[in-house]
2 protein chains.
Amino acid sequence: MRASQYHLNTLKEAPAEAEVVSHQLMTRAGMIRKIAGGIYTYMPMGLKVLRKIEAIVREEMNRAGAIELLMPVVQPAELWQESGRWEQYGAELLRIKDRHQRDFVLQPTSEEVITDIARNEIHSWRQLPVNFYHIQTKFRDERRPRFGLMRGREFTMKDAYSFDRDEASAQASYDAMYAAYQRIFTRLGLTFRAVAADTGSIGGTRSHEFQVIADTGEDLIVYNPDSDYAANIELAEAPCLLAEREPAREALEKRATPEAPKCEIVAEQLGLPLSRTVKSVVLATDPAEGPVRLWLLLIRGDHETNEVKVGKLPGLGDGYRLATEAEIDSVFHCAPGYLGPVGVDRQAVTVIADRTVAHMGDFVCGANEAGYHLSGVNWGRDLPEPDLVADLRNVVAGDPDPRGGTLAIQRGIEVGHVFFLGDKYSRALNATFLETDGKPAVLQMGCYGIGVSRISAAAIEQNHDERGMIWPRAIAPFEVVLCPIGIGKSVAVREAAESLYQALLAQGVDVILDDRDARPGIMFADWELIGVPLRVTLGERGLKDGIVEIQARRDAQAQRIAPADALAHVLERLKSL
Amino acid sequence: MRASQYHLNTLKEAPAEAEVVSHQLMTRAGMIRKIAGGIYTYMPMGLKVLRKIEAIVREEMNRAGAIELLMPVVQPAELWQESGRWEQYGAELLRIKDRHQRDFVLQPTSEEVITDIARNEIHSWRQLPVNFYHIQTKFRDERRPRFGLMRGREFTMKDAYSFDRDEASAQASYDAMYAAYQRIFTRLGLTFRAVAADTGSIGGTRSHEFQVIADTGEDLIVYNPDSDYAANIELAEAPCLLAEREPAREALEKRATPEAPKCEIVAEQLGLPLSRTVKSVVLATDPAEGPVRLWLLLIRGDHETNEVKVGKLPGLGDGYRLATEAEIDSVFHCAPGYLGPVGVDRQAVTVIADRTVAHMGDFVCGANEAGYHLSGVNWGRDLPEPDLVADLRNVVAGDPDPRGGTLAIQRGIEVGHVFFLGDKYSRALNATFLETDGKPAVLQMGCYGIGVSRISAAAIEQNHDERGMIWPRAIAPFEVVLCPIGIGKSVAVREAAESLYQALLAQGVDVILDDRDARPGIMFADWELIGVPLRVTLGERGLKDGIVEIQARRDAQAQRIAPADALAHVLERLKSL
């Protein structure tokens with residue numbers, strides 16, 4: 001491609017609304033243009049990146065035996081009503097009416113349609129296993145879209161759906177997708193981690209997220225640097241930090257802690273480490289029949305409650321909420337901020353202690369009296385043992401890994417998700433097949449998503465510097481840029497650039513020749529912003545001295561190479577970019 | 001591809017609602033599955049065809065210098081309000097509201113968005129000319145979608161938009177697209193015709209449709225078999241069939257024509273050829289100020305009125321309608337069916353004669369009295385000359401071509417359209433650039449569409465027989481199918497099939513090996529339905545005799561070829577398919 005025949009339009013400033021670096025840089029580089037909130041035009045270079053990502057995804061999906069089809073963007077409400085998601089899905093599901101006032105949705109995902117296809121197309125065990133995928137435009141009506149392609153409303157996703165005879169076969173299909181995802185993200189040139197993830201309300205048994213590692217990521221990943229353990233923070237098991245119950249050394253004492261409704265303030269007032277304090281969280285559940293039930297969760301003052309883990313506790317799995325002040329007062333006779341487990345009516349509230357809290361001795365907690373806490377609190381002596389001990393908290397960096405070693409935490413951007421669905425959708429839509437015994441059996445499903453457009457943003461969040469983007473070669477808008485200086489005046493420069501350009505094209509390199517005859521500073525700034533992985537600069541003086549300059553986007557300085565060696569050098573450098 | 005690892009699901013019967021052959025065959029072959037009215041899933045083989053069409057379109061667009069980008073499916077109402085089409089576009093424009101009750105559309109076309117992009121991206125004459133295109137999902141909310149992919153609601157289209165400094169440059173951009181379209185439809189392997197088309201209400205000066213020739217097409221194409229003249233019926237100029245005014249030989253006579261409100265009945269009652277009769281059509285226009293105006297159109301009894309041509313007549317260009325019976329009665333004092341130009345008040349009605357009618361003598365027309373017609377009517381003698389003589393009718397086969405030779409008519413399916421837009425959208429959206437003199441000038445635009453998914457249906461309408469589809473090689477779901485007979489039992493068959501399969505793959509041939517171990521009748525019926533252009537059959541008996549059978553889809557019978565020559569033979573045959 002010649003720049004003069006392409007559309008380049010870089011901007012000095014990013015729009016003020018662009019909060020994340022990928023949004024800022026893609027806009028400045030002219031890769032995307034906003035048309036409405038969360039809706040963008042992929043400009044030519046943005047589309048090139050997208051297509052390169054799609055091609056790698058497609059190749060590896062095909063290699064894994066998945067079969068590509070294309071389901072529509074506009075889907076009839078009937079299928080979503082059959083699965084129950086017409087009601088369950090929130091406002092992100094854009095519901096529309098056609099000219100005949102019939103209901104449709106703009107698809108945010110295609111479980112319903114693919115299950116409908118499967119129940120019509122799959123009749124016999126002989127047709128199984130099968131895995132269908134498509135790469136399609138999706139729409140999620142985010143309330144406040146604002147992170148560019150990181151969280152757009154209209155976006156491109158690859159979603160695959162496997163159908164199997166039984167759970168063992170479905171697990172094999174899952175494993176095949178997991179392996180394909182490893183190949184995909186490796187080929188994309190991204191630093192990533194497959195992390196075990198929560199299966200949520202779907203209730204399947206297995207789920208992994210593929211996370212691109214980036215400091216700006218929204219997700220927290222728990223991992224062990226010395227093993228292959230990785231899980232997202234919702235799922236990662238937090239260990240008990242005390243091998244045994246600490247012995248009671250202090251007497252129970254009521255301490256004045258005025259204006260100290262938080263553990264941090266209590267610890268400061270009492271001159272104790274935060275890790276000696278225990279915070280009380282009161283939850284409520286509303287059973288189908290009978291009165292409200294209250295739950296007192298106890299978590300160490302320096303730890304955070306993990307809502308997903310709480311939602312899996314016995315009695316709390318069908319949904320819970322924070323207790324109201326009135327509900328709390330009816331049992332604790334005290335306002336929040338000074339609550340604690342000592343002296344509470346265990347008929348009226350179930351006490352659940354985090355694993356670490358259950359082993360603490362001489363701890364500090366609220367006295368159930370405004371302005372007072374208790375210190376030197378000990379299980380057994382000052383209050384009965386907890387009703388339940390469980391993992392209630394988020395892992396923190398430095399926690400011991402129960403499998404050995406120490407846990408660390410990093411941030412990531414979720415770009416892929418593999419999920420064993422079981423029969424959730426196939427049962428709702430009655431998608432069955434005839435087994436070898438001639439009897440109908442329900443299909444076992446898995447679903448496997450990759451956020452194609454999101455990957456382009458995640459790649460930038462992971463790979464950029466103060467000058468712009470730094471693309472991995474595999475998904476760069478161009479692999480090489482040739483910057484001839486003074487191409488308008490110098491025949492030697494023009495001929496050398498043209499010759500190298502043609503030689504690179506002949507080698508299948510995706511090269512752009514910047515023939516705009518712009519000043520070097522403008523060319524360099526543009527291509528550093530755009531993040532082309534390798535730049536070749538040709539100038540009249542250099543050519544006279546028998547050199548061209550070759551510089552990878554991450555190199556601190558250029559290498560000087562003889563023009564005759566430039567082609568071979570570029571091809572060699574590209575291998576590692 | 002191996003059939004055992006692919007998804008094949010052919011049907012014996014087409015759905016009753018499938019009215020056109022492409023819809024029937026694509027459904028039976030399992031290439032599409034209906035999800036809702038006019039909304040389909042492209043099943044794996046249907047998608048393969050689509051992608052092959054897209055690839056050819058993309059290659060030729062790029063070769064012509066157009067630059068690909070991707071505009072969104074969901075577009076904000078504001079841009080459509082700015083162009084005026086939010087109000088003008090009918091119910092086919094699906095208008096939707098997001099969660100914040102903001103108005104959007106599902107794009108049926110992207111003039112507004114591309115013009116918005118152009119006004120933001122194009123600042124200087126130095127950036128011109130430029131041509132942007134995308135291949136994207138579109139939605140037109142057809143009232144009664146029923147022709148499969150011929151007229152779906154959700155469909156895939158390529159649309160390109162050129163931007164130029166002035167009209168001369170815009171015409172060159174138009175010519176470049178016209179040439180690219182010629183290459184595209186030639187490469188697709190379709191018999192097509194570029195026909196001059198009406199520019200309609202947009203008022204541009206040039207427009208061509210690219211029509212795939214098919215007896216089942218909805219459009220009528222006028223062409224000259226001995227020249228390159230071709231135009232759609234709306235535009236094609238109909239000549240005067242009488243070189244000079246016919247002399248008056250008969251006397252004016254009032255004839256009883258009871259129950260004869262149509263020329264066909266009048267001609268039969270009077271024992272005259274239909275071509276001696278003249279029909280009267282009364283139209284009305286409603287000026288912004290003043291009373292309704294009436295117009296009497298006179299067309300030979302065997303000719304059809306061309307509404308597009310009528311719409312271009314002076315005084316009728318801003319919209320016309322049929323006159324009401326009351327309006328007709330006020331001038332003609334007679335009900336429709338017996339109207340004519342003799343004796344009418346020429347102050348109250350403007351008489352416009354078709355070119356041929358203006359040269360007729362001794363013609364028959366209504367007597368303005370129910371149950372009577374006049375014969376022997378002659379201009380000048382019996383009534384004043386027409387107020388206007390114009391081309392009012394459709395061409396009929398056999399009409400002389402004013403440029404020499406004779407015109408013929410065939411049916412076609414519109415699959416592409418090139419259109420010079422001028423400044424319609426750029427002026428509405430104020431898309432300007434700075435000219436060399438530093439002053440702003442309005443961009444000149446062209447738009448260029450190709451119905452990607454429609455092409456797949458049009459290819460079938462043009463190429464099929466009673467057994468199924470017959471794909472041109474370039475867009476066939478597979479180029480070659482290998483049908484090994486008894487692959488499950490015969491090692492020789494399996495090995496020969498596998499060997500040829502691998503050899504074809506190595507040559508880059510898109511081949512499918514039917515390894516389902518099905519009976520030959522089933523295999524042949526499936527692949528003839530699917531329409532793979534070339535089939536190779538391998539059986540144990542044939543291999544013993546040293547032959548495999550190679551049959552193109554259109555061949556009456558197979559050729560027997562030595563297995564060692566099969567590869568070369570297939571490659572040679574493919575060149576002409």
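This is a predicted model: local features need pLDDT of at least 70, side-chain atom pairs count only at pLDDT 80 or more; totals for chains, interfaces and linings use all residues.
1. Arg473(A) is partly exposed, since its relative accessibility is 26% (buried means under 20% relative accessible area, exposed over 50%, and partly exposed in between, with a 1.4 Å probe and protein chains only). Its salt-bridge partner is Glu479(A), with the closest N and O atoms 2.7 Å apart; a salt bridge is a side-chain nitrogen of Lys or Arg within 4 Å of a carboxyl oxygen of Asp or Glu. Glu479(A), at 10% relative accessibility, counts as buried.

2. Residues are numbered from 1 along each chain as its sequence is written, chains are lettered from A and ligands numbered from 1 in the order in which they are written, and side-chain values use heavy atoms, leaving out hydrogens and water.

3. Over all chains, the structure holds 104 salt bridges. One of them links Asp514(A) and Arg516(A), whose closest N and O atoms are 2.8 Å apart. Asp514(A) is buried, with a relative accessible area of 0%, whereas Arg516(A) is partly exposed at 30% relative accessibility.

4. In chain B, the side chains of Glu237(B) and Arg355(B) meet in a salt bridge at 2.9 Å, N to O. Glu237(B) lies in the loop between strand 12 (230-232) and strand 13 (253-256) of chain B, and Arg355(B) in helix 10 (residues 355-358) of chain B, so the pair ties together parts that are 118 residues apart in sequence. Helices (H or I, at least four residues) and strands (E, at least two) are DSSP runs, numbered from the N terminus. Both partners are partly exposed: Glu237(B) at 33% relative accessibility and Arg355(B) at 26%. In chain A, salt bridges that share partners join Asp465(A), Glu466(A), Arg467(A), Glu528(A), Arg535(A) and Arg553(A) into one network.

5. An open sheet of five strands in chain A has the order 28-27-29-30-31, with mixed pairing; two strands pair if DSSP finds at least two bridges between them. Strand 28 (511-513) and strand 31 (559-561) of chain A stand at the edges with a single partner strand each, so one side of each is left without a neighbour in the sheet. The twist averages 25 degrees from one strand to the next. Axes here are lines fitted to C-alpha atoms, for helices over the stretch in contact, and angles run from 0 to 180 degrees between N-to-C directions. Strand 30 (residues 548-552) and strand 31 of chain A run antiparallel and are joined by three bridges, with Ile550(A) opposite Gln559(A).

6. Helix 13 (residues 491-506) of chain A lies across strand 27 (480-484), strand 28 and strand 29 (534-538) of chain A, at about 170 degrees to strand 27. Helix 14 (residues 520-530) of chain A also lies across strand 27, strand 28 and strand 29, running at about 170 degrees to strand 27.

7. In chain B, three strands form an open sheet in the order 4-6-5 with antiparallel pairing. Its edge strands are strand 4 (74-76) and strand 5 (94-97), each pairing on one side only, and the twist averages 40 degrees from one strand to the next. Strand 5 pairs with strand 6 (residues 103-106) over four bridges, and strand 4 is joined to strand 6 by three. Val105(B) in strand 6 is the bridge partner of Arg95(B) and also of Gln75(B). Strands 5 and 6 of chain B form a hairpin with five residues between them, and Gln101(B) in the turn has a positive phi of about 65 degrees.

8. Chain A and chain B bury about 4,300 Å² between them, 61% of it on carbon and sulfur atoms; buried area is the accessible area (1.4 Å probe) that two parts lose on being put together, summed over both. Leu70(A), Arg99(A) and Glu121(A) supply 15% of the area that chain A buries against chain B, more than any other three residues. The contact (heavy atoms within 4.5 Å) takes 52 residues from chain A and 52 residues from chain B. Six salt bridges are counted between the chains; Asp98(A) forms a salt bridge with Arg153(B), with the closest N and O atoms 2.9 Å apart.
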